[in-house]
Amino acid sequence: MELVTPGIGLIFWQTVTFLIVLFLLGKFAWKPIMQSLNERETSIENALSAAEQAKLEMQGLKAENEKLLAQARMERDKILKEASEAGNKLVETAREKANEEGARMIAVAREAIENEKRAAIADVKNKAAALSIEIAERILRRELSDPQAQQALAQSYVSEVSLS
Amino acid sequence: MKRLFVLLFSFLTLNAFADAPVEGGEFKPGDMITHHIADDYTWHFADGVVLYLPVILVDNGELKVFSSHNFYDDNHETVPYQGYAIEHGHIVRVNEAGEPLEDHGGLYDFSITKNVVSLFISVALLFGIFLTIASRYKKNAGKAPRGIQSFFEPIIIFVRDDIAKGNIGPKYERYMPYLLTVFFFIWFNNLLGLMPGGANLTGNIAVTLILALLTLLITVFSGNKNYWKHIFATPGVPLWLAPIMIPVELIGILTKPFSLMVRLFANITAGHIIILSLFSLIFIFESLAVGPLSVAFATFMNFLELFVALLQAYIFTLLSAMYIGGAVEEHEHEHGEEHAAPGAAAH
């Protein structure tokens with residue numbers, strides 16, 4: 001029975017001491033400890049969710065970047081295509097123009113040549129006419145020195161006139 | 001269970017030895033063990049190294065304080081002093097001839113015994129450790145724990161998350177100071193009791209009585225409407241059973257802390273008794289050969305006791321949390337009862 005009979009002295013000291021310990025530790029140890037544990041846990045939780053948020057944002061940003069990059073690439077391709085088209089067109093136009101110019105110049109040259117030719121021919125004709133007239137004159141002069149011949153000529157003219 | 005048997009067995013042997021005629025110089029393991037697990041007015045570290053603790057008596061309202069050294073002569077035999085003497089580990093009134101008187105009325109013993117000193121040592125340890133830890137938390141707020149702080153933090157978190165949150169629910173925060181104090185108080189004192197020459201504080205019924213009483217008081221004063229309703233008008237029980245149910249429930253309130261008190265006391269005391277018994281074997285057999293075996297078993301038991309020290313602290317705290325949890329719980333129960341009632345009626 002000795003063992004299971006609580007003694008008044010120890011009951012007293014245990015009660016007093018334990019209540020003091022409970023009060024002091026509760027006020028000066030457990031309260032700040034629990035508080036900082038809670039604070040740290042919330043801060044860790046916040047940090048984790050912030051990191052998660054940042055990750056998501058990063059992913060969004062990356063996707064956006066990729067989109068922008070793809071867009072830029074497309075734009076570049078378009079511009080390049082357009083530029084090459086424009087270049088081709090320019091070359092084409094230039095060629096056409098050159099061709100046209102060439103054709104025109106050829107035409108002008110041809111015309112000039114034609115004109116020259118015509119003028120030359122006319123000149124030759126004139127010269128030939130003048131020469132033939134001169135030859136004819138000379139022949140006539142020599143032929144018409146004979147009065148008989150003159151007569152015959154006149155005769156022939158007259159006959160021609162009457163005919164016409 | 002085994003431990004309980006050992007405890008009961010040791011009680012029997014104690015009585016047997018107490019009744020046996022005293023022969024000079026004979027080793028009496030029962031006396032030795034009782035002496036070790038019981039409280040004492042001196043702290044006996046080794047032969048000749050004895051700390052005499054102060055005796056504080058209140059005799060019919062009169063306070064008397066003196067050293068317990070006065071009760072012992074040079075041969076460490078008890079002698080009367082100022083009309084008092086130590087008889088079977090207690091201070092009693094004695095007559096001129098040194099024979100104990102029958103009249104003990106009005107004599108209260110508030111002595112600083114070995115257990116009280118051990119209590120103060122554990123309290124100093126608790127203050128030293130946990131106030132240091134608290135200051136660490138203030139100093140490196142928001143940083144990772146370091147040193148002693150990182151040793152105790154997981155334990156504090158364990159008490160909070162697994163013991164308090166799991167069993168009390170959302171209102172756990174109010175009870176954290178009590179649960180943490182009780183946990184570390186029991187654990188530290190269990191460990192101190194295992195030290196060579198240590199006192200058997202948590203194996204003392206007075207200590208476990210007060211701890212269990214505090215759990216009881218907290219439970220009763222935390223009890224909400226549902227808790228009391230379950231006691232005085234248990235749902236689903238016919239009214240005519242109330243004369244039986246109410247006393248049963250009221251006894252139930254008391255049996256819970258009673259089990260707390262006995263469990264801690266019995267476990268710790270039994271552990272001490274087993275280890276001491278194992279050492280006694282050497283002297284009972286008076287054989288050197290038993291020594292190594294005895295020491296091996298005692299060492300094993302000591303490791304087991306180290307575990308039990310933590311386990312009992314955990315169990316006491318856990319069950320306290322469960323009892324408090326039962327008192328503050330908001331019962332969804334009532335819905336279950338309503339669903340169950342028509343079903344029961346149908347059957």
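Trainee: Where in chain A does UniProt place the feature "coiled-coil region"?
Mentor: The unreviewed UniProt entry puts that feature at residues 34-89 of chain A. Bear in mind as we go on that this is a predicted model.

Trainee: And how much helix and how much strand does the chain have over residues 34-89 of chain A?
Mentor: That span of chain A is 100% helix and 0% strand, and its end C-alpha atoms are 80 Å apart.

Trainee: What about the "transmembrane region" of chain A, where does UniProt have that?
Mentor: The unreviewed entry gives residues 12-30 of chain A for the transmembrane feature. In the model, residues 12-30 of chain A are 100% helix and 0% strand, with 25 Å between the end C-alpha atoms.

Trainee: Switching to the interface, how many residues of chain A are in contact with chain B?
Mentor: On the chain A side 31 residues take part, and they are in contact with 36 residues of chain B. The chain A side of this contact divides into 20 nonpolar, eight polar and three charged residues.

Trainee: Now chain B, what domains is it divided into?
Mentor: Chain B is split into domain 1, covering 42-112, and domain 2, covering 115-335. The centres of these two domains of chain B, taken over C-alpha atoms, are separated by 33 Å.

Trainee: Which residues of chain B does UniProt list under "transmembrane region"?
Mentor: The unreviewed entry places that feature at residues 116-134, 175-195, 201-220, 232-254, 260-285 and 297-324 of chain B. For residues 116-134 of chain B, the model has 100% helix and 0% strand, and the end C-alpha atoms are 26 Å apart.

Trainee: What does the span 232-254 of chain B look like, then?
Mentor: Residues 232-254 of chain B are 61% helix and 0% strand, and their end C-alpha atoms lie 15 Å apart.

Trainee: OK, helix packing: at what angle do α5 and α9 of chain B cross?
Mentor: The axes of helix α5 (residues 176-194) and helix α9 (residues 290-328) of chain B cross at roughly 160° and come within 9 Å. The two helices, α5(B) and α9(B), are therefore roughly antiparallel to each other, and α5(B) passes α9(B) in a right-handed crossing.

Trainee: Which residues make that contact of α5(B) with α9(B)?
Mentor: From α5(B) the contributors include B:Leu179, B:Phe183, B:Trp187 and B:Leu194, while those from α9(B) include B:Asn302, B:Glu305, B:Leu310, B:Phe316 and B:Ser320. By class, the contact of α5(B) with α9(B) has 13 nonpolar, five polar and one charged residues.

Trainee: And α4(B) against α5(B), how far apart are their axes?
Mentor: Helix α4 (residues 148-168) of chain B packs on α5(B) with the axes 10 Å apart and at an angle of about 120°. Consequently, α4(B) and α5(B) are oblique to each other, and here too the crossing is right-handed.

Trainee: What residues meet there between α4(B) and α5(B)?
Mentor: On α4(B) they are B:Ile156, B:Val159, B:Arg160, B:Ile163 and B:Ala164, which meet B:Met176, B:Leu179, B:Leu180 and B:Phe183 on α5(B). This contact of α4(B) with α5(B) has eight nonpolar residues, no polar ones and one charged.

Trainee: One last pair, at what angle do α6(B) and α9(B) cross?
Mentor: The axes of helix α6 (residues 205-222) of chain B and α9(B) cross at roughly 20° and come within 8 Å. That makes α6(B) roughly parallel to α9(B), and their crossing is right-handed.

Trainee: Which residues meet in α6(B) and α9(B)?
Mentor: In α6(B) these are B:Leu211, B:Thr215, B:Ile218, B:Thr219 and B:Ser222, and their partners in α9(B) are B:Phe316, B:Ser320, B:Tyr323, B:Ile324, B:Ala327 and B:Val328. The residues of the contact of α6(B) with α9(B) comprise seven nonpolar, four polar and no charged.

Definitions and conventions
Residues numbered from 1 in each chain as written. Chains lettered and ligands numbered in written order. Predicted model: local features only at pLDDT ≥ 70, side-chain atom pairs only at ≥ 80, totals over all residues. Axes fitted to C-alpha atoms, helices over the stretch in contact; angles between N-to-C directions. Helix = DSSP H or I, 4+ residues; strand = E, 2+ residues; numbered from the N terminus. Parallel < 35°, antiparallel > 145°, perpendicular 65-115°, else oblique. Left-handed = near helix turned anticlockwise from the far one by under 90°. Contact = placed C-beta atoms within 7 Å. Nonpolar A, V, L, I, M, F, W, Y, C, P; charged D, E, K, R; others polar. UniProt positions renumbered as here; feature names shortened; annotations may be inferred. Domains from an automatic or database assignment.
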